[in-house]
Structure formats: C-alpha cells, structure tokens
2 protein chains.
Amino acid sequence: MVNNSYYSQDLHGPYELHDVGNLELEEGSTIRNCNLAYATFGTLNAAKDNAILVSTWYSGTNKIIEQVLIGKGRGLDPDKYFIIVVNQIGNGLSTSPHNTPAPDGMANFPRVRIGDDVRAQHRLITEKFGLSELALVVGGSMGAQQTYEWAVRYPEMVKRAAPIAGTARNTVHDFLFTETLVDAITSDPGFNKGFYESPADVREGLLRHAKMWAVMGWSTKFFQQGKYKALGFSSLDDFIVNFMYAYFSVMDPNDLLCMAWKWQRGDVSRHTGGDLREALGRITAKTFVMPMSTDMFFPPADCQAEWRLIPDAQFHPIETIDGHLALFGADPNALAQIDKHLMDLLAAEV
Amino acid sequence: MVNNSYYSQDLHGPYELHDVGNLELEEGSTIRNCNLAYATFGTLNAAKDNAILVSTWYSGTNKIIEQVLIGKGRGLDPDKYFIIVVNQIGNGLSTSPHNTPAPDGMANFPRVRIGDDVRAQHRLITEKFGLSELALVVGGSMGAQQTYEWAVRYPEMVKRAAPIAGTARNTVHDFLFTETLVDAITSDPGFNKGFYESPADVREGLLRHAKMWAVMGWSTKFFQQGKYKALGFSSLDDFIVNFMYAYFSVMDPNDLLCMAWKWQRGDVSRHTGGDLREALGRITAKTFVMPMSTDMFFPPADCQAEWRLIPDAQFHPIETIDGHLALFGADPNALAQIDKHLMDLLAAEV
C-alpha cells in the first residue's frame, strides 16, 4: 500500500464502497473482498426501470463523470434517472494496486480484464440495488469498453448502450499507443519494478506519460487553433505543466498500469472465440456509437467498423477539435451533442 | 566521437564529402570544416538548368532517398536531371555529433537550425557545382522544412519547390511530439547526458523512441487494414522488433537528438520577425504542397494552411494509409502520385 491523498472523499466524494466479495479473475487470480466505489444520483423509481450505469475511463473517477456528464436538463438527468457511476477496478477508489495490502498490492496486484470489472459491477447492480435491467449503460474510452462488455455479456439486462470514444475490441494501434504510455512509467528507475516508496519516486516517468497524453489525447487541430490558450494557458509549457502534469502526476503509477493493461486487452470477442461479428451480434440493446471526430487512437473509422456489426445501432460521431479528451468536457458543443444523442436514445422505445 | 558502422559507405554509399568551411550557426556557435555528404545522379547539362536538390528527413540519408524517389521514368529521373541528394547536418554522414572529435562532439555538438543547413547547402551548390539556379528543390518531412527554407531564403535560385509531408513553420503539436521522442532517448540512464560509450548503452531509450515512431509514424488505418502484415511481418511484435527497432536502434542517439532539436524549430518566419504570411509571400518558386493524407503530425490541414499563403502554389495531398512514413516507400500508389506531381511540376513553365 502507498499513501496517496489524491484518492480521497475530499477530492472525489461523496462515494460509497460496496464489497462484492471474492472476485475470481479471468486471468486466474482472485481479488479478495473486491470493493467497488460508486456514486449515485437521482432516485430509483418503483418499477426499477430508470437506472443508468456509467463506467469510468482510464484515470477517471466518478467525480469527473459527474462534472462532465450529469446534470439537470442534461442527457444524464438525476431528476429523471437513477444514475450509478461505478469506478473501475484499479482506478484508485475501487480496489486498486495502491490501496491493496501486501502481498497482493503494488506490482503484485493481479491482472484484471474488462470482463472482470463488468462481472463485479453486475454483482453491485443486482445484489446491492436489486436491479434486473439497466435503461442505459454508457461510458467513454475504457468506459466504452465496459459498456460493450455489458451489452454483449448481459444482453437481457442492457436496454440501451452508448459507447463513447471507445471500441469493443481494442485495435493494434491503440494497444501500441498504450504500450508507450506503460513504457514511459516503467522505464523510470524510480519505478523500481513497481515497488516505489512514493509516487514521487516515479515523477519523471509520470511526466513523460502526461506529455505523451498531450500528443495523442487532443488533436492537431486543438493545437493549430490555439485551444490550449483559449482554455487559459499562456504557452505550450504552461499547458503541459499546469494541465497535463497537474492532472496525471498525482496519480499512482501501479494504478495507471493496472488500467492500461486492461485497456490494451479490451475485447468482447473473447466470448466467441475471437469472432467479433458474432459477439457484437449478441447485443440486443439499442446502441448509439459515438466516437470523437478527431480522436487519434479511437478514431471514427475504427468505431464505425464495429457499429456495422451491431444489430440495432446508430453511428453518431461527435464533432470536436478536442480529440479523445473531449471527454474532459472542455468543448461545450461536444457535450451538447452527447446530451442530445443520449436524450434521443433514452427516449427511444426498446 | 563514437564508432558506428551504420554510417558507412557500405550501407549508404557511394557518397562524397564536401568541406564547406567554417559554418557560423544561427545560435552562435561555429562548426569548423563542416562536411556535407552528398550523392549525385545523372548529368548536369550545359545550360546548368537541370539540377535538382533533394534534402533528407529525420534519420534518413541519401540512400533511402535514392531507393524511394529516384529512378529512370520516375519523377526524379537521372536520365533527365542532375540530382544532388544532400545529407543534413547531424544525420550521421554529414558533420554530426557522433563523428565530430572532442571537445565539440557528442553532447557538446552545437545547436543547428534548418537555416544553417540551407546556408551550408548553398555553399555546396554554388562553390562545388557552380550553380545559380535549381530546377527543383524537394524533400520530405525535415526535407520539406529545408525545401521551404530554400524557397524563402534564396527565391531567385529556386524555380520549383516540392515540400512533401512537412511544414514551413513547425506546429506546436509537432514540437510536442518531437519532444516526447527526445525524452524517450534522454531518459535512458545509459544516455549519460550524451556521453555514452556506445549507442548500445542507450538501447532501451532507442527502442522506446522507435515504438513511439510506430504509434505516430504510420496511421490508425495502416494498422486497421493489417498493412504491417502485408509488408511481411507476422505480428505487431514482429513488426516492432524487426522493422521499427531494426531501423532506429543502430543510429546514434546524439545524431538523432541534433536532428530532433532542428526539426522542432523549423520556421521560415524567422526571416520576417515571425510573420509567416510575409515569409511565404517571398517564395517565387512554383510550389506543390504535398502532405500525406493520413499523416498524424504533419497533417494535411496544417500544410493546407501554409499553402494558402504561397503565391504560386498547388495543394496535392497524397492519398495513402501509410501516414507520414509513406516516405519510406512501402505504398507504391503513394509513390506513383508523388511521381506524377513531380513530373507535372517539372514540366511547368516557370
């Protein structure tokens, strides 16, 4: 375990913890007393048919989901829906390398897959909330991976699905990009094979990781049009230090690596012996596929290729110059498009 | 100095060396007896009006230019033209950190700018070959930077210009990408602030650098469509090891860093106090601007924005899924497009 005040109720709360018990992982290990951190908004109705599950992206927690996607009059409106935002395993709030005691913590934390997350979330949804259906499952990036996994694994439960800026089966290029992020962290001598004394020992690696996110996370147009200045940063250096470094450098390296490993291997076709068409064909949810138009590693073309394999799906690219990190919510126009699509999807009969 | 058999006549020859004398650099230092390595193809005609200058890209030498762009019946046809391929300073064949004796070698090698290269090349062209005009200046990537610099600095000499997959003023995003390449190398403890005993000491850094090139150098479609397999590699790992590592890991780290620093700061508006419109307005060459359609760091939109500022220019994006590294010549269709445009450009009256 490593103390890290970033992962706290102060910064990310209020959130609750639910112990889903022992979680046997697809890779063979077991997380004992796996805790999922979650936050809820709104009220479950008597019919229990207004529940929405939102999963988190790489590095994200329930807090940024709340800030970016949830609000009165928004697509995810707590006045209408009971919204459960669940933190993925390894994100620092749910059971994660940094908050797991020895011998299972830090670099010994077992390999977790998207399917493990979704099975754990299924326990939360059924055992804690007694739900048998979800009006919508939605998430961005790794949240989209979890959304696809939900829709393929539990089609009878998922009425609607909205994978944003992510794929059902990770691409070769995306795997490679993620590997360079991993390398940036693990190559820091202070990483010490994952047994650092403090995240500060891995500062250089975390900063390299943050800078690489700046290259691939936004888009060339974001920089060409000076959007980083419009966001209040006086120069590229100012943006890198006070936005990218500030955001990522407080996080736990092993937690990031746990999520990165999972991200690299997201693949619903594990259910069907590698047949992606068959896997996506199992989806009964009405599905809106929503890539970011300028995304450099979950590009629209990759998302579109999957959309064609889903029985009842619409393809709605979100026009933005913010690239993948339009998920951060700095483009109000992108959020308005997402809201509109989510409202249309939620209004649709299923 | 560091021995490195990669930079040899065996692998890159035949090439000649020309000593352009002492080169005072824009940043203030001097390269004493600066040597430019160059290779020529074809014959200079009596009127001395059939000379073409080709400059090199990051990591490239005259050899890859010859293999990819020059040939009978091609755009750069040695039966018609006298083609001079000049290696940029720092590329390992011309004066470079690794082949410069102490105290100026290795990490003490001075900072070189694109403008320094072009002034040195001007000496080669005028003193060695007695040329007062160039029918065409052409280059890809950093070669495009040199092409633009030529066209702005010596407009009376440059009749035609063909910047391929590069910009006249480097973008903020491209600067940032290059910085992550630099970080990949310099963060290797074996780099030892540039005073390693052998490039092998920096192996890990060079491999990270190569992998990051794989992410940004090609395109998402290149991987989506399995092009790396079509090129004869059985898996992503096979491609990374036997293509990307094989290509970059034999190079000298300080040489790469010398070029990277120069690449980051390519900017013809240094001639005009930062006014890019005024600088590009000085170009009298008939100019074909040719980005690669899927380039992730010299994207068409950035090249198009500059094209609009050039008086007599045409915009001809090259359709390819190979991204920036279509420059490597693995897409015959991209080469055919380049050839056609170069033939049209060379046939045009100026």
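**Two chains and their interface: group meeting talk**

Rotating chain B by 180°, with 0.0 Å of shift along the axis, superposes it on chain A at an RMSD of 0.0 Å. That is the relation of a two-fold axis. Before I go on, please keep in mind that this is a predicted model.

In general, two copies of a chain are related by a rotation about an axis and a shift along it. Here, then, the shift is 0.0 Å and the rotation is 180°.

Let me start with the interface. How many residues of chain B are in contact with chain A? There are 29 residues of chain B, and they touch 29 residues of chain A. As for which surface is used, 100% of the interface residues of chain B are also interface residues in chain A, so the copies meet through the same surface.

Next, the area. The size of an interface is often given as the accessible area lost when the parts come together. Between chain B and chain A, about 2,600 Å² is buried, and 73% of that is on carbon and sulfur atoms.

Which elements give two or more residues to the side of chain B that touches chain A? They are helices H5 (172-186), H6 (203-217), H7 (220-224), H9 (236-248) and H12 (300-307) of chain B. The largest share comes from H5(B), with 8 residues. Sorted by type, the residues on this side of chain B are 17 nonpolar, 6 polar and 6 charged.

That is the interface. I move on to salt bridges over the structure.

Over all chains, the structure holds 30 salt bridges. One of them is between Glu26(A) and Arg153(A), where the closest N and O atoms are 3.1 Å apart. This pair links distant parts of the chain: Glu26(A) is in the loop between strands S2 (23-24) and S3 (30-31) of chain A, Arg153(A) is in helix H4 of chain A, and they are 127 residues apart. Glu26(A) is partly exposed at 29% relative accessibility, and Arg153(A) is partly exposed as well, at 23%. Both belong to a network of salt bridges that also links Glu149(A) and Arg270(A).

A second example is in chain B. The side chains of Lys227(B) and Asp322(B) form a salt bridge, 2.7 Å from N to O. Lys227(B) is in helix H8 (residues 227-230) of chain B, Asp322(B) is in the loop between strand S10 (313-315) and helix H13 (332-347) of chain B, and the two are 95 residues apart. Are these residues buried or exposed? Lys227(B) counts as buried at 15% relative accessibility, and Asp322(B) counts as buried at 0%.

Asp312(A) lies in the loop between helix H12 (300-307) and strand S10 (313-315) of chain A and Lys286(A) in strand S9 (residues 286-289), so the pair ties together parts 26 residues apart in sequence. Asp312(A) is partly exposed at 36%, whereas Lys286(A) is buried at 15%.

Last, some details of the loops. In chain A, the peptide bond between Ala102(A) and Pro103(A) is cis, with omega about 5°. Pro103(A) sits in the loop between strand S6 (82-86) and helix H3 (114-128) of chain A. Chain B has a cis bond from Ala102(B) to Pro103(B), with omega near 5°.

Two residues of chain A have a positive phi although neither is a glycine: Ser141(A), at about 60°, and Asn192(A), at about 55°. Ser141(A) is in the loop between strand S7 (136-140) and helix H4 (142-153), and is buried, with a relative accessible area of 3%. Asn192(A) is in the loop between helices H5 (172-186) and H6 (203-217), and is partly exposed at 47%.

I end with Asn50(B), in the loop between strands S4 (35-41) and S5 (51-55) of chain B. Asn50(B) is buried, at 6% relative accessible area. A polar atom of the Asn50(B) side chain lies 3.0 Å from the backbone oxygen of Thr43(B). Beyond four places in sequence, the contacts of Asn50(B) include Lys80(B), Tyr81(B), Phe82(B) and Ala135(B).

Technical notes:
Residues are numbered from 1 along each chain as its sequence is written. Chains are lettered from A and ligands numbered from 1 in the order in which they are written. This is a predicted model: local features need pLDDT of at least 70, side-chain atom pairs count only at pLDDT 80 or more; totals for chains, interfaces and linings use all residues. Side-chain values use heavy atoms; hydrogens and water are left out. Contact means heavy atoms within 4.5 Å. Buried area is the accessible area (1.4 Å probe) that two parts lose on being put together, summed over both. Helices (H or I, at least four residues) and strands (E, at least two) are DSSP runs, numbered from the N terminus. Ala, Val, Leu, Ile, Met, Phe, Trp, Tyr, Cys and Pro count as nonpolar, Asp, Glu, Lys and Arg as charged, and the others, Gly among them, as polar. Copies are superposed by least squares on the C-alpha atoms of residues with pLDDT of at least 70 in both. Buried means under 20% relative accessible area, exposed over 50%, partly exposed in between (1.4 Å probe, protein chains only). A polar contact is a pair of N or O atoms within 3.5 Å; within protein, one must be able to donate a hydrogen and the other to accept it, and residues adjacent in sequence count only if both atoms are side-chain atoms. A salt bridge is a side-chain nitrogen of Lys or Arg within 4 Å of a carboxyl oxygen of Asp or Glu.
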